[in-house]
Amino acid sequence: MTSIPLFITLWTAGVFLKQGTAVQISRPLRLAKIVGFAWANCGKVDDPAVMKSLDFSPDPINIPGDLTASASGTTSVALVSPLSVNVTLEKEVAGFWVKVPCVDELGSCHYQDICDILDQLIPPGQDCPEPLHTYGLPCHCPFKAGDYSLPQSIFSLPKMELPFWLTNGQYRVQGVLGIIGKELGCLKVTLTLHSD
């Protein structure tokens, strides 16, 4: 969104933030807060897409509630379709990291072209959602080479539900951005979920 590395962050965080109605498995849980959100680039030194900064507050992030976010990133190449994201989601269980499988497009999933997904979420020709529109930031492919930044902005988070298998605990999510087998960027996110 502000850059593809930011999109990876939001996309992998979105693994948790999708509405529970998308997964029709048993009783969903209501997400109450996210604690200890942290991120790091995990790609190669010469990856063209890199996150420079990403700040969320408060900690914990209460849901529902307001989230303040700012971000900056860069890409040295244009990012065009087909732009894949390979997400690996792991949960800490008794001191071990256990990979969460892909279930109904949540978990450790491979998304073949996020450009198509963006077009489904925000139809081409429609203005980008706020605050991207205000700051002239793109929300569709192609993303031109260059620097992108989102100044500090406030987002209102609605009530959200999770499938029952995303229980309370510590998680780590890694998103690898690629095109035709070539890695363009990698971002790792860690956080702890607390649900009702």
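My entries follow, from the whole chain down to a single side chain.

**Ground rules.** I am working from a predicted model, where local features need pLDDT of at least 70, side-chain atom pairs count only at pLDDT 80 or more, and totals for chains, interfaces and linings use all residues. Residues are numbered from 1 along each chain as its sequence is written, and side-chain values use heavy atoms, with hydrogens and water left out.

**Whole chain.** I found two helices and eleven strands, taken as DSSP runs numbered from the N terminus (helices H or I, at least four residues; strands E, at least two). From the N terminus on, I read the order as α-β-β-β-β-β-β-β-α-β-β-β-β. Of the 196 residues, 44% count as buried, meaning under 20% relative accessible area with a 1.4 Å probe, protein chains only. I also looked at contacts (heavy atoms within 4.5 Å). Among those between residues at least 6 apart in sequence, 72% join residues at least 24 apart.

**The open sheet.** Three strands make it up, in the order β2-β4-β8, with antiparallel pairing; pairing needs at least two DSSP bridges between the strands. β2 (49-57) and β8 (146-157) are the edge strands with a single partner each, so one side of each has no neighbour in the sheet. On average, neighbouring strands here are turned by 10 degrees against each other, direction ignored, with axes as lines fitted to C-alpha atoms. I counted eight bridges between β2 and β4 (residues 65-75), in the antiparallel sense. One spot I checked has M51 opposite G73 in β4.

**The β5-β6 hairpin.** β5 pairs with β6 (residues 96-99) over four bridges, again antiparallel. V93 sits opposite F96 in β6. Two residues lie between the strands of this hairpin, and A94 takes a positive phi near 55 degrees.

**K91.** Where is K91 placed? I located K91 in β5, which covers residues 84-93. Instead I noted the K91 side chain reaching the backbone oxygen of N168 at 3.1 Å. Leaving aside neighbours within four places in sequence, K91 is in contact with F96, W97, V98, V100, T167, N168, G169, Q170 and Y171.

Key
Polar contact = N/O pair within 3.5 Å; in protein donor to acceptor, adjacent residues only side chain to side chain. Axes fitted to C-alpha atoms, helices over the stretch in contact; angles between N-to-C directions. Buried < 20%, exposed > 50% of the residue type's maximum accessible area, 1.4 Å probe, protein only.
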